[in-house]
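Dear colleague,

I am passing on the structure we spoke about, and my notes on it follow below. Please read them with the coordinates open beside you.

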Amino acid sequence: MPTPTHAIFNRPLDTPTPPGFEEIVLGMGCYWGVERLFWQQPGVFLTEVGFAGGTVPNPTYKQVCGGRTGHAEVVRVVYDPSRISTEQILKLFWENHDPTQGNRQGNDVGDQYRSAIFTTTDSQLAAAEMTRVDYGNRLAVEGYGRITTQIAPLDHFWRAPEDLHQQYLHKVPDGYCALRGTGVQASQASALHEAATGEIDGNPEPSPSSTGGSSVAAGGAA
């Protein structure tokens, strides 16, 4: 079967990552709204939804929903770090879901909805750990519990085989979006980037993130 083409970027989803670009895999609950959040960001080259962190190869959405694969719903984000830094990606990650809820996001319950960061470089892993500590402190000040986000090097990303799920909210604009942030702002990505690298990050912050999002259901949660 031919590889699906990204509905916004018009690139095959198996397009090789360009030299100098990076990829990171993020779980923030139902993956439909998460993918839209990231395809809207300047510097993002490609997004796709799928599964990671489990034990079953080539899982289907139905299998993952059954709760027996151990996978989380995730979005693979390929980005140009000269235009959007890892810290900017992670700022969007922390602010657009509740990372303290364990195996759920709001009304979506199960380990497939857990918060997760799967990294592909040592620098991403360091940034994920650093920003978890920083954001955890900010959440604690506001009365939230500890962060439960899984952080680990990526073992394997499995693309969701159901074509409709790729760029779902472009194909179904009024579809279900469960993105709900805590309202607690993360530290400025530029300051974190400078602290991590010793360099001054001249990149502008990405456009404001949509911590609300539509909650209109169209066929249930992903």
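**The sheet and what packs on it**

The chain contains an open sheet of six strands in the order 7-6-1-3-2-8, and the pairing within this sheet is mixed. Its edges are formed by strand 7 (150-153) and strand 8, each of which pairs on one side only. Please bear in mind throughout that this is a predicted model.

Strand 1 and strand 6 (residues 115-119) run antiparallel and are joined by four bridges, and within this pairing V25 has F118 of strand 6 as its bridge partner. Helix 3 lies across strand 1, strand 2, strand 3 and strand 6, and runs at about 10° to strand 1. Helix 4 also packs on the sheet, where it touches strand 1, strand 3, strand 6 and strand 7, and its direction makes about 165° with that of strand 7.

For the chain as a whole, the secondary structure comes to six helices and eight strands, which follow one another along the sequence in the pattern β-α-β-α-β-α-β-β-β-α-β-β-α-α. Of the contacts between residues at least 6 apart in sequence, 79% join residues at least 24 apart. Buried residues account for 49% of the 222 residues, while the chain exposes about 9800 Å², of which carbon and sulfur atoms supply 51%.

In soluble globular proteins, nonpolar side chains tend to be buried together. Here the largest nonpolar core has 46 residues, and those with the most contacts inside it are I24, L26, Y31, F38, V77, I89 and I117. Among the elements that give two or more residues to this core are strand 1 (22-28), strand 3 (72-79) and helix 3 (86-95), whereas its largest share, six residues, comes from helix 1. If residues up to four places away in sequence are not counted, V77 touches E22, E23, I24, L26, F38, V44, L46 and I89. Apart from this core lies another, of eight residues, which include V25, A52, V74 and F118.

The side chain of Q167 reaches the backbone nitrogen of A7 at 3.0 Å. Leaving aside neighbours within four places in sequence, Q167 is in contact with T5, H6, A7, I8, L13, E35, W39 and T47.

With best regards

Definitions and conventions:
Residues are numbered from 1 along each chain as its sequence is written. This is a predicted model: local features need pLDDT of at least 70, side-chain atom pairs count only at pLDDT 80 or more; totals for chains, interfaces and linings use all residues. Side-chain values use heavy atoms; hydrogens and water are left out. A polar contact is a pair of N or O atoms within 3.5 Å; within protein, one must be able to donate a hydrogen and the other to accept it, and residues adjacent in sequence count only if both atoms are side-chain atoms. Contact means heavy atoms within 4.5 Å. A nonpolar core is a set of buried Ala, Val, Leu, Ile, Met, Phe, Trp, Tyr and Cys residues joined through side-chain atoms within 4.5 Å. Buried means under 20% relative accessible area, exposed over 50%, partly exposed in between (1.4 Å probe, protein chains only). Accessible areas come from the Shrake-Rupley method with a 1.4 Å probe; for residues, only the protein chains shown count as cover. Two strands pair if DSSP finds at least two bridges between them. Axes are lines fitted to C-alpha atoms, for helices over the stretch in contact, and angles run from 0 to 180 degrees between N-to-C directions.
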